[in-house]
Amino acid sequence: MMLKETSRKNAVHIMLVYTGGCNGCDIEVVNAVLSPFYDLEQYKVMLTWNPREADILAVTGPVTKKIAPALKEIYDAIPEPKLVAAIGACATVGGPYANLGGDLGSSDQIIGGVEKVIPVDAKLPGCPPRPEDILQVVASVIPLLAEKR
Ligand code: SF4
């Protein structure tokens with residue numbers, strides 16, 4: 001328990017959740033956070049797939065009716081303090097999927113942006129946003145996290 005608390009205090013863990021877009025934003029998030037070019041790990045910013053370890057939930061893609069309950073469940077599993085960043089046009093407003101019809105993604109299956117399901121602390125438009133912009137959003141929310149700790 002103590003190890004977990006120490007780790008949370010000394011590092012920032014980002015959990016990436018994809019809710020149904022084209023994966024373009026996911027690639028940029030992984031590039032931004034994991035690639036040796038930006039090397040965020042040197043600042044103790046890590047990617048995690050475990051909500052219980054996460055501090056920041058980064059969501060990409062439009063929220064579909066099917067994924068909404070799971071997204072809420074993941075959000076609830078993240079311990080306080082926590083922040084949510086909606087990354088890309090889909091996560092902020094539903095993106096191109098919000099107006100699609102037919103088999104590809106009929107708009108009646110798309111709820112829209114992430115904030116329709118869980119609270120959002122930072123929004124980043126773009127289709128997809130550049131890794132540099134994703135890093136800027138991460139850098140802008142880390143002080144908010146520090147204030148809450
Ligand atoms: S915002 Fe663009 S790049 Fe990102 S998931 Fe949606 S369609 Fe793909």
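This is a predicted model: local features need pLDDT of at least 70, side-chain atom pairs count only at pLDDT 80 or more; totals for chains, interfaces and linings use all residues.
Leaving aside its neighbours within four places in sequence, which residues is leucine 71 in contact with? The legends below begin with this residue.

View 1. Residues are numbered from 1 along each chain as its sequence is written. Beyond four places in sequence, leucine 71 is in contact (C-beta atoms, placed from the backbone, within 7 Å) with Val17, Thr19, Val63, Val117 and Ile118. Leucine 71 is buried (20 or more other C-beta atoms within 10 Å of its own), since 21 other C-beta atoms lie within 10 Å.

**View 2. The open sheet of five strands.** The strand order is β2-β1-β3-β5-β7, with parallel pairing (at least two DSSP bridges between two strands). Strands are DSSP runs of E with at least two residues, and helices are runs of H or I with at least four, numbered from the N terminus. Because β2 (45-48) and β7 (122-124) each have a single partner strand, one side of each is left without a neighbour in the sheet.

**View 3. Pairing of β5 (residues 83-87) with β7.** These strands pair in the parallel sense over three bridges. Alanine 86 has lysine 123 in β7 as its bridge partner.

Key. A residue is buried if 20 or more other C-beta atoms lie within 10 Å of its own, exposed if 12 or fewer, and partly exposed in between; C-beta atoms are placed from the backbone. Two residues are in contact if their C-beta atoms, placed from the backbone, lie within 7 Å.
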